[in-house]
Amino acid sequence: MDAQKELIAEFDREAKKTRKMLDAIPADADLGYKPHPKSMALGRLAGHLTDMTGDWGMHTLTLDKLEFAADHKWDPYVPKSKAALLEKFDAELNKTRAELVAMTPEKWDRNWKFVFGGQAWIDQPKHQVFRDMVMSHMIHHRAQLGVYLRLLDAKIPGSYGPSADEM
């Protein structure tokens, strides 16, 4: 088995499913909608999904360490519209995929570290970070988005077969 080839194919499949879910957000949806006070707003959650195929994916593939000072102010991406969200997802996906294709076994075996305020929050081999914090993270938040869409009475696309809305 060619693990690199299989990972690229899996990334392509999961990114395609994620884009379908993002595209299912109604154009007139309230991006400030929260199903619970502790939940992320719809726009924030959708924007966070672009991190997996964008900055988070790119940083995992191109850096060995991502470090921020304790006073670093991070401004999460919250789209102004569904069109802006999809445009960002598509543009960043292509860049991240190109870096994924360029990965070598030696690069995958390097350690990757995320440090915030002097504390290491992630300190693992790069291949594990990509699997857990990019792929699985994307799938996790895509599922959350599906719950939001169901609560908004929007049609949900299937991910691993048809959804109830497609049958």
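The turns below cover helix packing, pockets and a salt bridge in this predicted model.

The model is predicted, so local features need pLDDT of at least 70 and side-chain atom pairs pLDDT 80 or more, while totals for chains, interfaces and linings use all residues. Residues are numbered from 1 along each chain as its sequence is written, and side-chain values use heavy atoms, without hydrogens and water.

Student: How are helix 3 and helix 6 oriented to each other, parallel or antiparallel?

Tutor: Helices here are DSSP runs (H or I, at least four residues; strands are E, at least two), numbered from the N terminus. Axes are lines fitted to C-alpha atoms, for helices over the stretch in contact, with angles from 0 to 180 degrees between N-to-C directions. The axes of helix 3 (residues 55-62) and helix 6 (residues 126-151) come within 9 Å and cross at roughly 170 degrees. Angles under 35 degrees count as roughly parallel, over 145 as roughly antiparallel, 65 to 115 as roughly perpendicular and the rest as oblique, so helix 3 and helix 6 are roughly antiparallel.

Student: Which residues of helix 6 make the contact with helix 3?

Tutor: Contact means heavy atoms within 4.5 Å. Helix 3 brings Trp56, Gly57, Thr60, Leu61 and Thr62. From helix 6 come Lys126, Val129, Phe130, Met133 and Val134.

Student: How are helix 2 and helix 3 oriented, parallel or antiparallel?

Tutor: Their axes come within 3 Å and cross at roughly 20 degrees. Thr50, Asp51 and Met52 of helix 2 touch Asp55, Trp56 and Gly57 of helix 3. Helix 2 and helix 3 are therefore roughly parallel.

Student: Which element gives the most to the lining of the largest pocket?

Tutor: A pocket is an open set of points on a 1 Å grid over the protein atoms alone, where a 1.4 Å probe fits, with protein on both sides within 12 Å along at least five of seven lines; lining residues have an atom within 4 Å of a point. The largest pocket has 18 lining residues, with Asp51, Trp56, Phe68, Trp74 and Phe114 nearest its centre. Helix 2 (42-53), strand 1 (65-68), strand 2 (111-116) and helix 6 are among the elements that each supply at least two. The most, 3 residues, comes from helix 3.

Student: What is the volume of the second largest pocket?

Tutor: Its lining includes Met1, Trp108, His127 and Arg131. Helix 1 (3-23) gives the largest share, 5 residues. A volume is the space filled by probe spheres set on the points, which are joined across faces, edges and corners. For the second largest pocket that is about 210 Å³.

Student: Why are Glu14 and Lys17 separated by about one helical turn?

Tutor: Glu14 and Lys17 form a salt bridge (a side-chain nitrogen of Lys or Arg within 4 Å of a carboxyl oxygen of Asp or Glu). Their closest N and O atoms are 3.5 Å apart. The separation is about one turn because the two residues lie in helix 1, 3 residues apart.
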